[in-house]
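Hi everyone, thanks for coming. I'd like to walk you through a fold today, so please have a look at the screen.

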Amino acid sequence: MNNLTFIYVVGGEDKHYTNLQRSINSVKKIYPQSKILVGDFDKKIKDSKKDNISVVDLSHVKIDKKKTFKHIIWQYKFYVCLKTKSKYNLYLDTDTVLVNPINELISEAKGRFTIAKHFWIPTIKDFKAKAETCVETSDYFDTLNLKDEMDFCAAGVFFFENNEANFKIIKSTFKIHESIYENKDYILGVYDEPILNSVLQKNKKQTLYYNGSLNHCSMKNMPIEFKNGKLYGKNEFDSDFKKIICLHCDFFRRDPSSGYNEPVKSLIYNLFNTV
């Protein structure tokens, strides 16, 4: 598929660059000719015609590495997404691997911004009850008009077609993040996912909440089935299994295959064990 780009943003510790290579390996196994677009904060990745990799230099972005800066990395995923020229685009966190082709996802998306609900905190109410927050978090959630009953999505993987409506969502998310963090240190619980959720609530007709198979964390409370040589998955609260598109796990922190039996165990381990 020539009109498809896989998008990443990376910076900080070397392990994130190792994870990036692992993820790119998984993409190239399924889509050898696909375009790769990487936003790089530390000038460690180079353009490569051979591998079809283009780099967006983010070294100009001011980061104080003595303080928490992960929220800035996550913010700039949206900046990099705006640089794509392809019709179809899949953003991936570096600690993901692509498992199956995305043809069905493209067909079902029908041009909409497509993302999965968070497996552990699928609503704003769940986020408030389970996620790390601080006194200021509630004030910012009020400003963002985030209500308890609203869906909460996981922004580590999302799909979008290159159209004006999707770019509006992406631009808005970046700009709101920028306005919140102008001359301000990280506020616990206020980062790209809540901000994106607030934007999606204003663009419901343009948003598709996909099955958990889009962004599957290969944990015991995220079911997996093995059928006809393919991995299928879902969130616990989803009704149907679908072909897993991405598995999401930092291989430096845990073994994503540990909770499964063969042949699923080996399939998952080998998807990550490529670097």
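So, this protein has eight helices and 12 strands; helices (H or I, at least four residues) and strands (E, at least two) are DSSP runs, numbered from the N terminus. Its radius of gyration is 18 Å, close to the 19 Å that the globule rule gives for 275 residues, so the protein is as compact as a globular protein of that length. That radius is taken over C-alpha atoms, and the globule rule is 2.2 Å times the number of residues to the power 0.38. The C-alpha trace spans about 50 × 45 × 35 Å along its principal axes.

Quick housekeeping: it's a predicted model, where local features need pLDDT of at least 70, side-chain atom pairs count only at pLDDT 80 or more, and totals for chains, interfaces and linings use all residues. Residues are numbered from 1 along each chain as its sequence is written, and side-chain values use heavy atoms, with hydrogens and water left out.

Okay, sheets. There's an open sheet of seven strands in the order E3-E2-E1-E4-E7-E6-E8, and its pairing is mixed. By pairing I mean that DSSP finds at least two bridges between two strands. Strand E3 (53–57) and strand E8 (207–210) are the edges, each pairing on one side only. Neighbouring strands here are turned by 25 degrees against each other on average, direction ignored. For angles, axes are lines fitted to C-alpha atoms, for helices over the stretch in contact, and the values run from 0 to 180 degrees between N-to-C directions.

Zoom in on one end of that sheet. Strand E2 (residues 35–40) runs parallel to E3, joined by five bridges, and Leu37 has Ser54 in E3 as its bridge partner. Lying across E1, E2, E3 and E4 is helix H1 (residues 14–30), which runs at about 170 degrees to E1.

Now the other sheet I want to show you: three strands, open, antiparallel, in the order E9-E10-E11. Here E9 and E11 are the edge strands. Four bridges join E9 (residues 224–227) to E10 (residues 230–233), with Ile224 opposite Gly233. Their hairpin has two residues between the strands, and Asn228 takes a positive phi near 50 degrees there.

Last bit: helix packing. Two packed helices are described by the angle between their axes and the distance between the axes.

How do H2 and H6 pack? Helix H2 (residues 70–81) and H6 sit at an angle of about 150 degrees, with axes 9 Å apart. That makes H2 roughly antiparallel to H6; angles under 35 degrees count as roughly parallel, over 145 as roughly antiparallel, 65 to 115 as roughly perpendicular and the rest as oblique. Their crossing is left-handed, meaning the near helix is turned anticlockwise from the far one by less than a right angle, while clockwise would be right-handed. On the H2 side, residues including Tyr76 and Phe78 meet H6 residues including Phe167 and Phe174; contact means heavy atoms within 4.5 Å.

H6 (residues 164–180) also packs against H7 (residues 192–201): the axes come within 9 Å and cross at roughly 130 degrees. That makes H6 oblique to H7, and this crossing is right-handed. Among the contact residues are Ile169 and Ile176 of H6, and Leu196 and Val199 of H7.

That's it from me, thanks!
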